Amino acid sequence: MKPCPLQKQIEISNDTIASLRERVRRMEGKLNDPNLPEERKREMSLELMEITKLLETNEEQLKKLHKENSKSFAVAACLFFICFLVYGLYVMVNGV
């Protein structure tokens, strides 16, 4: 069964966030290297700030996707409940 587009977007966001976190971890390790020239440290610090902003943006997007996914689930649950209720009323009225 093929996942719905919303689930696919959630998977993509999770993968992106994981790769960005790994990249941040590696960059922080490199920044702690005492042999790294000051100019390179500044460049890496700027890049690290940009990656951190991108990570925050992706985490916010993921939260919105999860919220949208829970709305979809709530609609499906309501429809299931309504169908079950209508069937129960039908059985009660017709005595089947």
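**Where two helices meet**

Guide: Happy to! Let's begin with the helices themselves: the axes of helix H1 (residues 5–31) and helix H2 (residues 38–94) come within 9 Å and cross at roughly 155 degrees. Please keep in mind that this is a predicted model. Angles over 145 degrees count as roughly antiparallel, and therefore H1 and H2 are roughly antiparallel to each other. Their crossing is left-handed. As for the residues that make up the contact of H1 with H2, they divide into 14 nonpolar, 10 polar and eight charged.

Now for the charged side chains. Side chains of opposite charge can pair when their charged atoms come close. A search of the whole structure finds six salt bridges, so let's visit some of them, using the cut-off of 4 Å between nitrogen and oxygen.

Start with arginine 21 and glutamate 59, whose side chains meet in a salt bridge at 2.6 Å, N to O. This pair links distant parts of the chain, since arginine 21 sits in helix H1 and glutamate 59 in helix H2, 38 residues apart. How open are these two partners? Arginine 21 has a relative accessible area of 48%, which makes it partly exposed. Glutamate 59 is also partly exposed, at 25% relative accessibility.

A salt bridge also joins the side chains of glutamate 47 and arginine 23, at 2.5 Å from N to O. Here glutamate 47 belongs to helix H2 and arginine 23 to helix H1, so this pair ties together parts that are 24 residues apart in sequence. Glutamate 47 is partly exposed, with a relative accessible area of 27%, and arginine 23 is partly exposed as well, at 36%.

Next, look within helix H2. The side chains of glutamate 43 and arginine 40 meet in a salt bridge at 3.3 Å, N to O. Because they are three residues apart in helix H2, about one helical turn separates glutamate 43 from arginine 40. Glutamate 43 counts as partly exposed at 39% relative accessibility, and arginine 40, with a relative accessible area of 37%, is partly exposed too.

One more stop: Glu22, Arg25 and Arg26 are linked in a network of salt bridges.

To put the picture together, H1 and H2 are roughly antiparallel. Salt bridges between them include arginine 21 with glutamate 59 and arginine 23 with glutamate 47. Glutamate 43 and arginine 40, in contrast, pair inside helix H2.

Methods
Residues numbered from 1 in each chain as written. Predicted model: local features only at pLDDT ≥ 70, side-chain atom pairs only at ≥ 80, totals over all residues. Heavy atoms only, no water. Axes fitted to C-alpha atoms, helices over the stretch in contact; angles between N-to-C directions. Helix = DSSP H or I, 4+ residues; strand = E, 2+ residues; numbered from the N terminus. Parallel < 35°, antiparallel > 145°, perpendicular 65-115°, else oblique. Left-handed = near helix turned anticlockwise from the far one by under 90°. Nonpolar A, V, L, I, M, F, W, Y, C, P; charged D, E, K, R; others polar. Buried < 20%, exposed > 50% of the residue type's maximum accessible area, 1.4 Å probe, protein only.
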